[in-house]
Amino acid sequence: MPALGISYRLCMMAMPFPILALTIATFVDSPDLRGYPAAPILLVLITLLSVATALTIKAKPEVVKSPIYQCDKGTALLMGCAGGVCIMLLFRLFGFFGDFGGRASELNFGPKSLKHGETEPEENIAFSFSFNSFGHCFQGASAIFLFAAVHRDLILPILKRPEGLVVADLLANSMIVYPVYNIVKRGIKAGSTFSTSSFCNNASEWGVGFIFALYTGFLISAIGGGATADPRKTILSPQTQKLLSSCRIVSGVLLMLTSIAAAVLFGHSWHVKYDGHHTEDSDDDQGLIFLFLILPLVVALALTLYLRKRDLIHDEDHKCAEAANEMGKVGGGGGGQEVI
């Protein structure tokens with residue numbers, strides 16, 4: 001267990017470095033913030049969040065072993081698959097093995113696939129400061145309710161009723177609504193030109209919201225720390241807990257299917273232009289592109305299994321500690337002394 005805890009802590013502490021490097025590269029490539037400033041601003045905010053989380057965990061290394069850091073199967077599946085989608089979108093943003101005419105430092109995915117009757121394509125840019133952009137972002141940010149520390153430190157103190165925990169837990173499942181809706185809509189309307197469709201910018205806005213939720217949840221968990229258990233497990237009835245857990249598993253499976261569908265559609269439209277015409281490379285490396293885009297799903301599965309393995313070890317340690325504590329109480333009771 002110590003090695004696993006240290007490994008997890010070191011990973012969290014190392015994350016700010018690649019994010020900071022990406023932030024610097026973005027500013028160097030696009031120093032003029034008057035055009036499309038979203039990418040540099042968002043990266044700065046994410047860097048600050050990651051640094052704050054890393055410093056908190058460094059100051060309080062015991063928090064990574066706290067029960068408040070645990071997650072169930074559904075939560076691990078949701079986080080893993082969402083992370084896989086984000087990796088896939090990064091791969092598309094940088095346009096590996098393809099020429100999409102975009103600019104990563106501006107969150108510009110290049111020309112958008114033509115709609116019926118259009119002759120000139122729109123730019124496929126994320127965070128155009130519209131209501132829809134921030135709506136997609138808030139959808140991804142609903143993942144914040146997956147964290148037990150948020151329920152303990154925010155939901156319960158503010159709402160002061162068990163029903164609030166149920167509502168907040170159900171809201172966490174809403175993080176899958178837009179990806180599922182978007183993959184169905186774009187798959188039907190722009191399946192042949194999916195890699196240049198609005199799925200790219202819309203899903204990236206959702207992904208940024210998820211990343212913010214992820215780091216904010218980790219930060220709240222690290223600040224609160226302690227050995228306090230998830231209030232949903234101590235306050236809600238076993239039947240309610242089982243229902244909520246089942247909802248998270250179903251949501252995780254739906255997000256996994258969405259990831260698979262996105263990988264397939266990306267793979268089959270990677271070398272198709274925004275006007276529907278194939279490029280010269282369209283038949284050369286479809287298999288390679290498809291396999292490479294499937295890679296995020298492998299990452300998602302690995303992350304899911306890692307989170308569950310880590311938390312199962314936490315559960316075993318917690319049970320052993322409780323058993324030792326009970327034995328201590330029994331032993332102390334025989335001598336008429338109180339065990340502290």
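**Salt bridges and exposure**

Tutor: Let us begin with E163, which is partly exposed at a relative accessible area of 44%. Please note that this is a predicted model.

Student: Why is E163 called partly exposed?

Tutor: Buried requires under 20% and exposed over 50%. The value for E163 is 44%, so E163 is partly exposed.

Student: What makes R161 count as exposed?

Tutor: Its relative accessibility is 51%. The cut-off for exposed is over 50%, therefore R161 qualifies.

Student: How do you know that E163 and R161 form a salt bridge?

Tutor: Their side chains meet at 3.3 Å, N to O. The limit is within 4 Å, so the pair is a salt bridge.

Student: Why is the contact of E122 with K112 called a salt bridge?

Tutor: The closest N and O atoms are 3.5 Å apart, which is within 4 Å, so the term applies.

Student: Is K112 buried or exposed?

Tutor: K112 has a relative accessible area of 13%, under the 20% cut-off, and therefore counts as buried. E122, at 39%, is partly exposed.

Student: What makes R248 and D72 a salt bridge?

Tutor: Their closest N and O atoms are 2.4 Å apart, so they meet the limit of 4 Å. R248 lies in helix α11 and D72 in the loop between α3 and α4, so the pair ties together parts that are 176 residues apart in sequence. Both residues are buried.

Student: Which residues are linked with R248 and D72 in a network of salt bridges?

Tutor: The network also includes D169, D230 and R232.

Technical notes:
Residues are numbered from 1 along each chain as its sequence is written. This is a predicted model: local features need pLDDT of at least 70, side-chain atom pairs count only at pLDDT 80 or more; totals for chains, interfaces and linings use all residues. Side-chain values use heavy atoms; hydrogens and water are left out. Helices (H or I, at least four residues) and strands (E, at least two) are DSSP runs, numbered from the N terminus. Buried means under 20% relative accessible area, exposed over 50%, partly exposed in between (1.4 Å probe, protein chains only).
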